[in-house]
Every structure is written in structure tokens, then in C-alpha cells.
Amino acid sequence: MSSSSSSEWRDWSSLPEDLLLLILERLRWSSHPSVAAVCSPWRSAVPPSYPAWITPLLLNAADVGTTNIRYYSPYFHKNFEIDRTLTDPGAKICCSAAEHLTTLCTPDDVVLDADMVSGSIRELPRLPDSKFNFIVYDDGALRTTMYAIDTVGSLRICRTGLNDDSEWDDWDLVDSPDEQMVPTLPISNPVFHGGMLYLLGKDGRLALYDPCNHERGFEILDKPKSFGFETDDSYLVESEQGELMAILVGRRGTPVRIVELNEEAMKWEEVESLQGRTLFTGTLTTMMRSVKIKWMQNKVFLPKLYDWPETIQVNLVLRDGELAFVPKSGGENTILKDGEDYMEKMWCYEPGQRLAKKFWGTKSVDYGIWVNFST
């Protein structure tokens, strides 16, 4: 009996490839690198794929108008392009929440809500006019209320919500009083923090909107009065720990400062460390994430590349709650590493650097917005 069993014994590496493929189809994408690392036969059976959740991605377009949807991964330094197109000339990418993307089309004042996975597009009620330049949601992935904000001249805000029939209501517009103006424009991206909507003026002052008092519109806060120094670009973000922070970028990338709002004293205080977290900023969305990849920790990334990456034609595939880019024409199997051989491809800054590197030699990724598929 022992001799017979020994003669029929086969190790795991000799499993037929078709059986391995059936097994892989039932596993989460995140388990594929572990499967590929077992042995050469198993690695050859793992189809090529790139996880879409490992870091935030920069959704970008070559031109405003009709173009294929393209995602840049700062981890892989590759563009992943899918067949679905943004087919609205003049459309402005406004915001993203989970797998949804919202665009504003002028001069028709049309707001479109697109599912980036299925490709379905839904038209929302038309805005009162074409002056609105920001659109945000108040509750992230749930997306039950949407706000459109006009920051040119006096501040205006209007909102719409999903009704019981899962349809969006007409926009409810409120004009703030004429004197309620942020003294220095432009204004960076609006951010919900503690249930309130904050707008940041270039000089460091804040405008506040309370959804429970919609008819009052925006109110300019007495404090903070300024950052205490000048900055060319500013981006607002609420951290994973609930801090309201601003990333301040000087002329051509230097200096870079990160400040946090001390809500007791109502003043900006400079942040010396990101405590292992990573900031993705420079677009209408700014994200702070805890990233496991060591070389990306404690850094600020802006959408400026030192060389243009390879573009791969892919399908965006959802499996068991995880998204991955699957190349259409094969390719090499991908095993995640921690970037030991990483060569800097994207402009970044680490708090504590004496001087931030200027943008010389970089190419700006226009019409881009950070999206997050990690949830």
C-alpha cells in the first residue's frame, strides 16, 4: 500500500494549469502575488494583473473632451488605459467618491455621475448657471447629498439630494451676502470636516458652510487670519485621523509646507512629520493615506512626472470587492515588491527636507484627479 501511494504521489507544483486557473478565479486579486511566489509552474499560471487599490491613482486625460479613461499608478509608474471614454467636450472633472466620478459640462450646466467600473453615466438636474467650479459630496461613498460651489466673486452654494425614488432633486441655490468673500483667490478644493464644509483662501483664511443652516450660505471666519507666509498653491485635506490640514506649495515647487489647523487657538501650525502617512495632492482632490510601501511613506506626491510612463491597454475588473487592471494582450506576471530598485519618476517631497526640489524637468499631468479604489 505504501509503495503504491508513493508511486502515485505528485507535489503541488505539478498541478495541471487548467486546474490552477480555476483555483485562481476563486481567489482575491490580492492573493495572486503569493500564489505566483510559490514556484515557477504556479507563477506561469497566474495571469498578469496590477492591483488598483495599492495606492490612490491619478485619473487623467490627454485632452479635455473625448478621450479614453487613463489611470496613472505612482507605484508601478505605468498608465492603465481602458476603452471607456469621457465624451463631453469641455467637461471638467470635479470630484470622485469610491468608484464614482463627477464631471461638470459647460456651457450647458450639466452634471454627470459616472461609474468608473461599469461605465454607466447618469445625468443630474442642470445647475442654475455655468459659474460653479467645485462639486463635492458630504458623505463619501454613500453619496446622498451633492454640493456645487461658486467661488468667483461672492460665494454661492447649491445642493441636491437623493429622494426616496433614488432620483436627484432640483438644485437649491443660496447666495452668500455680498460682503462674504474670501479676500484672496483662488480658493483650493472644498473639504468636509466635522460635518462642516470648509473653503481655504490663498492667504490662509477659511470660509465655513453648515449644512444644517443651508439658507445662511458661507460665513468667513475671523480666525485664522493668515498662514504667516506666502504660497502659490494650496490644497486642503482632512486626514485619516480627522485633522484639517493644508499643503502649501511655493513657486515651482519650493518651498513646501504642511500646516494643521489648531482648532482651539484657530491658527495654522506647521507639521514636521506625516507619521508614516502619504499625501497625494495637486488636483481637485487631495488624499492622505497610510501606505504600506516604505519608499512612499512620509512623502507628498504631486502630479508631475520626470518621464512619461508606458501605457498598457487594460480591462478594469472587479472580483470579490477588489479591483485590478488586467492587460488585454498578456504581459509579464506582476509580483509586488517594496521598491528597493525604485528610481524616482514622480515629483515628491518629504517633510523635513531643507529645500524642496523645483519642478524643473517634470511634465505636468493636466486634467487629472486622484481617485481611490482601496475601499
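Which residues does Thr-286 touch, not counting residues up to four places away in sequence? They are Asn-189, Tyr-235, Leu-236, Val-237, Ile-247, Leu-279, Phe-280 and Thr-281, where contact means heavy atoms within 4.5 Å. Welcome to a predicted model, in which local features need pLDDT of at least 70, side-chain atom pairs count only at pLDDT 80 or more, and totals for chains, interfaces and linings use all residues. Residues are numbered from 1 along each chain as its sequence is written, and side-chain values use heavy atoms, with hydrogens and water left out.

**Around Thr-286**
- Thr-286 sits in the loop between β21 (277-280) and β22 (287-290); strands are DSSP runs of E with at least two residues, and helices are runs of H or I with at least four, numbered from the N terminus.
- Thr-286 is buried, at a relative accessible area of 10% (buried means under 20%, with a 1.4 Å probe and protein chains only).

**The open sheet**
- Four strands make an open sheet with antiparallel pairing, in the order β17-β18-β19-β20; two strands pair if DSSP finds at least two bridges between them.
- Strands β18 (residues 244-249) and β19 (residues 256-262) pair over five bridges, and Val-249 has Val-256 in β19 as its bridge partner.

**Around His-32**
- His-32 belongs to helix α3 (residues 32-36) and is buried, with a relative accessible area of 3%.
- Beyond its neighbours within four places in sequence, His-32 contacts Leu-24, Leu-27, Val-46, Ser-49 and Arg-319.

Conventions: Buried means under 20% relative accessible area, exposed over 50%, partly exposed in between (1.4 Å probe, protein chains only).
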